[in-house]
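Please consult the sequence and the model alongside them.

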Amino acid sequence: MAAFTSFSDFSEGSTPDFPAGLPVARIGLDAIRDNWLHLSSLAKDMPPMAVVKADAYGHGVEPVARTLVKAGCRTFAVGCVDDGVLLRKRLGESGKGVTILPLLGILSARDAAAAVANDLLPAVSSAEQAALVSRAWTGETPLPVAVKVETGMSRLGFRAHETQSFIEALRSLANLRPALLLSHLAAADDPAKDATVAGQVERFLAAYKALREFWPGMALSLANSAGLLARDTLLGSLPPHIARPGYALYGGNPFAGTTREALGRGLTPAMTVGAPVMGVHDLATGQTVSYGCTFQAKRNMRIAVVGAGYADGFSRGLSGRGAVCIRGERCPVLGRICMQMHVVDVSGVPEASSGDTAYLLGGEGPGAVSMDDLARDWGTIPYEVFCILGKNPRVYSA
Ligand SMILES: *Cc1c(COP(=O)(O)O)cnc(C)c1O
């Protein structure tokens with residue numbers, strides 16, 4: 001797969017252009033900005049933080065963060081500490097006063113030193129992690145830290161039974177000031193699991209109350225995209241808090257296909273992925289397509305060869321499934337996906353020709369491939385589609 005493109009590939013106002021043989025992801029920064037403004041308007045109590053981990057879900061962390069800073073975003077969540085360091089450097093002057101929170105936390109003394117040196121908000125899940133940060137911090141005033149509590153993911157965060165010992169450990173580290181309590185919702189996107197969410201909220205609030213006794217000014221952050229969109233239903237009992245939308249920022253509707261689908265209207269997908277049509281040919285009855293000859297024509301057909309394969313992140317699992325969009329029409333994948341190519345059926349698109357764009361994701365007209373269509377054919381979720389297809393060269397429009 002192509003390496004991440006650097007910021008030099010970011011040019012505002014550039015037009016989509018699909019060089020032969022390469023799929024290209026086109027990112028609409030205007031969509032991301034609009035989604036941000038929409039989500040901010042839903043988060044009535046406190047401005048949300050933008051989740052830009054994993055290179056902004058494949059959309060490119062620097063252009064996305066720059067766009068959001070301009071739109072008023074002051075807090076970003078990244079993955080590891082090194083991602084935070086990179087974002088801090090890339091934002092430069094424009095990042096003044098911007099908080100960067102590495103969600104994966106402080107895993108080593110090196111992480112702690114890098115977080116402190118680059119003005120990141122360190123997240124700690126244990127007394128050991130807190131001690132690493134405390135040792136790295138030599139400033140005069142206590143350093144604000146985020147603390148993670150485990151409420152239902154069974155991943156990071158201190159466990160409920162550790163609450164008192166964790167508080168005691170934090171109190172003994174006088175040069176730290178717990179400033180933000182974090183936890184993560186496991187099933188907020190599933191309307192059948194409201195009780196699960198309620199249980200998480202209850203455990204989160206119990207931890208908050210215990211910590212608040214010692215650090216009364218602490219802020220809270222719990223909601224992901226689904227939690228924010230369904231805030232009134234799911235999180236009514238929470239005091240004002242900072243939501244952490246990721247998926248919705250990129251136009252994903254976490255409630256697609258559920259009874260709460262309408263909550264995600266008003267979000268615009270930001271990523272389109274196109275690849276060049278490299279040739280259009282007749283396929284006679286009985287002829288086969290691609291490795292293993294798994295597709296054999298039952299009638300005379302027209303086929304197009306598309307310049308995108310599994311090396312470009314167009315998964316081999318889409319062999320014989322899925323479809324691309326050419327000239328507004330849905331064109332099913334025939335046979336196996338190759339390393340850098342695949343073949344589709346263009347029998348229904350008589351004008352299809354070399355040089356057309358085949359949209360792996362997006363496109364115009366009735367044949368447009370939605371993120372949910374593609375993820376379903378792929379056997380995954382759009383989050384993964386973004387992360388993988390976003391590793392291709394990217395062009396941006398503002
Ligand atoms: C990824 C992530 C989010 C954002 O979740 P979305 O479903 O993309 O909105 C929020 N919080 C944490 C801890 C995460 O890892």
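1. F76 stands opposite I100 in β4. Strand β3, residues 75–78, pairs with β4 in the parallel sense over four bridges. Strands here are DSSP runs (E, at least two residues) numbered from the N terminus, and two of them pair if DSSP finds at least two bridges between them.

2. The model is predicted: local features need pLDDT of at least 70, side-chain atom pairs count only at pLDDT 80 or more, and totals for chains, interfaces and linings use all residues. Residues are numbered from 1 along each chain as its sequence is written, and side-chain values use heavy atoms, with hydrogens and water left out.

3. An open sheet is formed by three strands in the order β2-β3-β4, with parallel pairing. Because β2 (50–51) and β4 (99–102) stand at the edges with a single partner strand each, one side of each has no neighbour in the sheet.

4. Polar contacts (pairs of N or O atoms within 3.5 Å) involve several side chains. An N or O atom in the side chain of K53 is 2.7 Å from an oxygen atom of the ligand. For Y383, a polar side-chain atom lies 2.6 Å from a ligand oxygen atom; for R244, such an atom lies 2.9 Å from a ligand nitrogen atom.

Technical notes:
Polar contact = N/O pair within 3.5 Å; in protein donor to acceptor, adjacent residues only side chain to side chain.
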